[in-house]
Amino acid sequence: MALIVQKYGGTSVGTTERIKNVARRVARWKAQGHDVVVVVSAMSGETNRLIALAQEIQAHPDPRELDVVVSTGEQVTIGLLAMALQEIGVPAHSYCGWQVRVTTDSAHGKARIQSIDEEEIRADLAAGKVVIVAGFQGVDELGHITTLGRGGSDTSAVALAAALNAEECQIYTDVDGVYTTDPRVVPEARRLKTITFEEMIEMASLGSKVLQIRSVEFAGKYQVRLRVLSSFDEDEGEGTLITFEEDENMEKAVVAGIAFDRNEARINVKGVPDKPGIAYQILGPIADANIEVDMIIQNVGENGTTDFSFTVPRGEFKRSLAILRDVQEHIGAAKIDADDKVAKLSIVGVGMRSHCGVASTMFRTLAEEGINIQMISTSEIKVSVLVDEKYLELAVRVLHKAFSLDQED
């Protein structure tokens with residue numbers, strides 16, 4: 001017997017029939033003697049519908065009022081799931097974020113959880129009830145409804161698991177775990193039995209969409225065991241356990257997985273003066289416009305000038321170029337060239353700490369396929385490269401094979 005927190009995403013509760021399926025799954029866990037707390041998202045597409053309604057009223061909806069509107073999506077789901085459980089004889093009680101008192105800061109649309117009052121949840125669990133909590137939402141100290149940002153239900157579930165000291169936080173989604181890479185690109189991709197928090201944080205930040213990065217960071221900080229499972233498989237299997245426990249077997253897996261992101265654009269500022277402060281003069285205006293910069297390279301100076309390259313999200317490409325056109329004359333840059341048809345490809349693995357030659361294997365494999373590397377970025381457990389987007393899928397496939405990721409550990 002254990003206390004389990006389960007989270008079901010929008011596709012898992014997208015119809016009333018799917019909500020009934022979730023209820024049956026929860027009932028099985030309850031029948032095994034476990035205490036169960038369920039966190040749910042809004043039904044698939046509902047949040048987008050509510051945002052569109054708000055935008056019909058205000059082109060740029062008031063953040064506080066938008067949170068009031070979009071938080072209703074989860075309120076519908078918790079009520080329906082509680083009814084579905086009661087219909088099959090399982091006592092259940094639903095709560096909105098403000099009822100449980102998920103206290104957040106006041107940053108509407110991107111609030112961060114500060115504390116959770118779990119007293120009522122524990123009382124319901126002691127009374128034999130399944131507790132259902134609306135994900136994605138909370139309340140600030142002034143009593144205003146807040147939301148946590150897209151994917152925030154994952155964070156809600158992890159925070160509840162931490163507050164309740166749950167045995168495990170199970171994230172049910174439309175895939176049955178974390179894979180070595182996207183199976184749609186590499187059919188031989190293999191589901192991982194375990195992956196460390198460090199690896200999962202890197203994978204999430206580099207383009208893997210299985211989990212929201214904030215939820216993984218939260219779980220790592222509070223040492224909450226996370227497991228990714230499929231809500232569509234009747235026999236749900238073991239899924240993938242995301243753990244803080246590094247055992248001796250993890251050294252054998254040099255590379256755990258390959259992540260990629262097509263949402264990249266490269267900008268190269270050529271012939272800039274090689275002097276202190278030039279990086280700030282280029283990137284300062286970009287940062288002031290709230291545009292995130294990812295990979296950065298500054299070449300060694302020659303004849304008093306250097307080249308400065310960086311990447312931005314593809315959706316910010318044109319705006320970034322417009323800003324830099326204004327900066328170009330001020331800093332005395334010779335030329336700006338850019339490319340929005342690039343993609344970032346990354347290999348990730350904690351085993352890279354204790355193995356040499358991983359980067360060279362990556363570079364050699366890409367060279368043998370005639371794939372040019374435009375930029376490189378590294379950390380202790382990952383190597384990322386920027387390549388022409390048209391070669392991305394080929395690059396993923398050859399690297400997946402080169403690192404034997406299709407083979408069992």
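This is a predicted model: local features need pLDDT of at least 70, side-chain atom pairs count only at pLDDT 80 or more; totals for chains, interfaces and linings use all residues.
Residues are numbered from 1 along each chain as its sequence is written, and side-chain values use heavy atoms, with hydrogens and water left out.

We begin with strand β9, which covers residues 168-173. Helices and strands here are DSSP runs numbered from the N terminus, a helix being H or I with at least four residues and a strand being E with at least two. Six of the six residues of β9 are buried; buried means under 20% relative accessible area, exposed means over 50%, and partly exposed lies in between, with a 1.4 Å probe and protein chains only. Glu168, Gln170 and Tyr172 point one way from β9, whereas Cys169, Ile171 and Thr173 point the other way.

Two strands pair if DSSP finds at least two bridges between them. Strand β1 (residues 3-8) runs parallel to β9 and is joined to it by five bridges. Strand β11 (residues 226-230) also pairs with β9 in the parallel sense, over five bridges. Tyr172 takes part in both pairings: it is the bridge partner of Tyr8 and stands opposite Leu229 in β11.

A disulfide is a covalent bond between the sulfur atoms of two cysteines. The rule applied here asks for a pair of cysteine sulfur atoms within 2.5 Å, and by it the count is zero. Cys169 is buried, at 0% relative accessibility, whereas Cys356 is exposed, at 77%.

Strand β13 (residues 257-273) pairs with β15 in the antiparallel sense over seven bridges, and Asn268 stands opposite Ser309. Strand β14 is also antiparallel to β15, with three bridges between them.

Gln298 lies in β14, which spans residues 296-298, and stands opposite Phe308 in β15. Gln298 is partly exposed, with a relative accessible area of 37%. Beyond its neighbours within four places in sequence, Gln298 has contacts (heavy atoms within 4.5 Å) with residues including Asp274, Ile278 and Phe308. Its C-alpha atom is separated by 6.3 Å from that of Ser309, eleven residues apart along the chain.
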